[in-house]
Amino acid sequence: MRRLFIIFLVIAGSMLNAAATTVIPLSIAGKRITADTDTVARKASVSLGVNYGSDVQFFGRTGPIKYPYMAGDAIYNFKSGFFLYGSAVNVFGYTPIVDEIDGGAGYLFNYSKNFAGTFSYTHFFFMNQAPPVIMSASSNDIDFKNSYDWSFVKTSGTFDYLFGQANDYFISLNVSKYIEPAWGVFDDKDYLSFNPGVSMIMGTQNFVGRFSTENQGELYFNNHIPGLDVPPLFDRYDNGRFNVLNYSFKLPIAYNRPHYTFEASWKYSIPLNVEGALKNHKELFFNLTFYYLFFK
């Protein structure tokens with residue numbers, strides 16, 4: 001059963017790197033959850049989840065102000081390893097109940113006992129009444145992730161290609177240590193798990209340049225530039241250059257039972273090579289996540 005929960009976390013991680021991609025575009029806490037392993041269990045299942053985040057983030061970039069959000073997810077895992085998933089996102093403070101709906105498909109596979117991966121495609125659908133903060137310049141994401149469990153740590157590398165009005169590619173590297181105490185909390189059917197990790201994101205940021213060009217007025221007022229009657233023309237950056245974008249440190253703590261998981265996680269994010277118009281800064285993110293698994 002723990003293996004099936006793990007599959008859900010892997011898929012949710014892939015799809016929510018793209019979920020809530022805003023005009024900047026922003027992602028729900030950057031792949032949301034780092035799964036403790038990518039081992040595939042060949043058993044059909046349906047997973048449902050809900051997530052709260054203190055701010056949206058897209059590959060190490062945030063907006064000019066904080067945007068807390070809620071997201072709901074549904075995933076169907078086939079015995080063959082294929083999966084289908086969908087996500088609905090709401091950014092607090094705006095009129096639409098649902099600002100964005102994401103849908104996609106993928107495949108989970110094993111190279112060996114300790115070496116596994118996922119491949120998926122996601123498309124983002126934006127509601128007509130959604131605020132500009134949720135509209136993305138990239139409406140498609142191809143995600144390919146490989147993970148290796150060394151027993152003392154787990155390493156993973158993920159390649160993302162986002163395309164649409166702005167095209168970007170990213171490589172994310174992660175090192176984590178899954179810890180599961182032998183004792184239960186209330187009985188022998190529950191357990192706690194800890195999965196501290198450190199990540200680095202590298203990539204292009206054409207999405208930032210497009211946002212700066214199309215939203216100069218919003219950036220002008222949000223960044224409080226005094227003494228000007230019109231928004232300034234921001235300096236042009238070489239956003240197509242491949243750079244280190246972000247370092248982050250994450251601590252997820254989860255309470256697990258046979259059919260569900262409740263997790264709280266904290267992530268400290270350090271942006272690098274930031275497009276000047278966004279004025280990103282170091283930030284502590286907080287997420288609460290609940291997943292329930294139904295077996296077929």
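In this predicted model, F163 has a relative accessible area of 25%, so this residue counts as partly exposed. Its ring partner is Y161, and the two rings are stacked, with 5.3 Å from centre to centre and 20° between the planes. Y161 is partly exposed as well, with a relative accessible area of 31%.

How many aromatic pairs does a search of the whole structure find? The search returns 21 aromatic pairs. Y52 and F92 form one of them, a stacked pair with 6.1 Å between the ring centres and 25° between the planes. This pair links distant parts of the chain, as Y52 and F92 are 40 residues apart. Y52 belongs to strand β1, which covers residues 45-53, whereas F92 lies in the loop between β3 (82-91) and β4 (100-110). Relative accessibility is 26% for Y52, which means that this tyrosine counts as partly exposed. For F92 the relative accessible area is 35%, so this phenylalanine is also partly exposed.

Aromatic rings can also be followed from pair to pair. Ring pairs join F82, Y107, F109, Y111, F115, F119, F144, Y148 and W150 into a cluster.

Finally, a ring may meet a charge. Which ring lies under the charged end of K267? It is the ring of F285, and the charged end of K267 sits over it at 5.4 Å from the ring centre.

Conventions: Residues are numbered from 1 along each chain as its sequence is written. This is a predicted model: local features need pLDDT of at least 70, side-chain atom pairs count only at pLDDT 80 or more; totals for chains, interfaces and linings use all residues. Side-chain values use heavy atoms; hydrogens and water are left out. Rings of Phe, Tyr and Trp (its six-membered ring) pair if their centres lie within 6.5 Å; planes under 30 degrees apart count as stacked, over 60 as edge-to-face and the rest as tilted. Helices (H or I, at least four residues) and strands (E, at least two) are DSSP runs, numbered from the N terminus. Buried means under 20% relative accessible area, exposed over 50%, partly exposed in between (1.4 Å probe, protein chains only). A charge sits over a ring if NZ of Lys or CZ of Arg is within 6 Å of the ring centre and within 35 degrees of the ring normal.
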